[in-house]
Amino acid sequence: ECVGKQRASLFRVCVFFVRKGAMKLWAILASAAAGEGSCAVGINGQMLCCAEGDAECVGKQRAARDTTEQGTDELWRPKFAGVRTFAGLPLWDRAEKFDFGILGVPFDGGASYNPGARFAPSEIRASSRRIDKFNRLYNIALQRTGLTVVDLDDLTVTPYDLMKAHKQIQSAAEDLMQIGRLVVLGGDSTVVQPVLRAAHRVYNASVGPFAVVHFGASLGTGDSTWGHIPQEPAPLFWSLGEGLFDVRHSLHVGTRGTTSSSKVDLADQELGFATVPASSFEDLGVAGVVSKIRDRLERRDGTYMPCFIHLDLGVLDPAFAPGVGSPEIGGLSTRELQGVLAGMQSFATVLGAALVDVVPAGDASGITILAAANVANDLLNLVAKPATHRLARPELPDAPQDPK
């Protein structure tokens, strides 16, 4: 009876082994059918065949089958099962240290248009279940490098008081940055300011000033409409006013749409930002935009200034991400955004990142959350890549000249 089950199992995994190029499968099947020894599938999907009478080998077979049937091996656990963490990462044990972590900040008390970003962290985690360990764009599987990569769960933030919420975010982020680097899941754009405050306090002494690479449709430097209360249109304006980052190496990518006045762009330029509008992708392509980011981050001595990535998912076109705080047509595609982030791995040292402005209720199809989950995973790989000591530095192709 047992041998019969083995034989049935072997035929079921036929497709798996043909895809792996294991041409010996047919020989294995033939030998098993002839009763010459026995074969079973191990917990890592590999065939384990034993000669007839080899008790030790048969014992290993049984142990492999027991482990698989119990579902303890993560390769065999269905992605729709288990505790909902980002991409199946282990939940952080507060008694242990970590190298990199995903942190949810469910706060949208500063939203200027579409509210609902407080629900983004939990929905992004749900959509991230299908994300596997190996990332082709970064040629790495973080969990297999010896690095400790965890899900830090969500912060407990008051939804009623913006200023108090900012203090809570800054305090928690600062404590966590003392341990490892963060990728923050917002939340509206206002959460960026307290996160930048924390980054400034932690990293300014150890690595020096850092730049901000901002992906978004709007500039984020407009003055607040209601006085001196930080609001969504102005997180970078207030952050720059506090001296939290070096504007000389900072830039916006993907800006577009309408503004209240032409003076908005002029004021941003006077603050010191460079801008790569979404329309530049038509002429420059992904490689050209990456080259502009590289040139902006490059210091006079040829080294590159560390940076923090502020990514407003509204940088994507509504065709790819309709569920954002302020949708704006004419944006980037998901492939363009992923291409730019992957291109930065050849030169950028990213101290942390914040993905904000995701409003799940604004998109019944779920494509916004799907994009957010995969972009968050790319950010995690980009932040962690230098720490693996396997940073590839390929030469970028020559970018076409900017016609402007």
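In the predicted model, E174 has a relative accessibility of 17% and therefore counts as buried, the cut-off being under 20%. Its salt-bridge partner is R201, with the closest N and O atoms 3.0 Å apart. The two residues belong to distant parts of the chain: E174 sits in helix α6 (residues 162–177) and R201 in helix α7 (residues 192–206), 27 residues apart. R201 is exposed, with a relative accessible area of 54%.

Helix α7 also contains R197, which pairs with E242. In this salt bridge the closest N and O atoms are 2.8 Å apart. E242 lies in the loop between α8 (235–241) and β9 (251–253), so the pair ties together parts that are 45 residues apart in sequence. R197 counts as buried at 18% relative accessibility, whereas E242, at 38%, counts as partly exposed.

A further salt bridge joins the side chains of D154 and R125, with an N to O distance of 2.7 Å. D154 is in strand β6 and R125 in helix α5 (residues 120–127), and 29 residues separate them. R125 is buried, with a relative accessibility of 5%; D154 is partly exposed at 26%.

Strand β6, which holds D154, belongs to an open sheet of eight strands. The strand order is β6-β3-β7-β12-β11-β8-β9-β10, and the pairing is parallel. The edges are formed by β6 (149–154) and β10 (274–276), each of which pairs on one side only. On average, neighbouring strands of the sheet are turned by 15° against each other, direction ignored.

Within this sheet, strand β7 (residues 181–186) runs parallel to strand β12 (residues 350–356), and three bridges join the two. V184 stands opposite A354 in β12. The loop between α11 (334–343) and β12 contains S346. S346 has a relative accessible area of 9% and is therefore buried. A polar atom of the S346 side chain lies 3.2 Å from the backbone oxygen of G343.

Note on methods
Residues are numbered from 1 along each chain as its sequence is written. This is a predicted model: local features need pLDDT of at least 70, side-chain atom pairs count only at pLDDT 80 or more; totals for chains, interfaces and linings use all residues. Side-chain values use heavy atoms; hydrogens and water are left out. Two strands pair if DSSP finds at least two bridges between them. Helices (H or I, at least four residues) and strands (E, at least two) are DSSP runs, numbered from the N terminus. Axes are lines fitted to C-alpha atoms, for helices over the stretch in contact, and angles run from 0 to 180 degrees between N-to-C directions. Buried means under 20% relative accessible area, exposed over 50%, partly exposed in between (1.4 Å probe, protein chains only). A polar contact is a pair of N or O atoms within 3.5 Å; within protein, one must be able to donate a hydrogen and the other to accept it, and residues adjacent in sequence count only if both atoms are side-chain atoms. A salt bridge is a side-chain nitrogen of Lys or Arg within 4 Å of a carboxyl oxygen of Asp or Glu.
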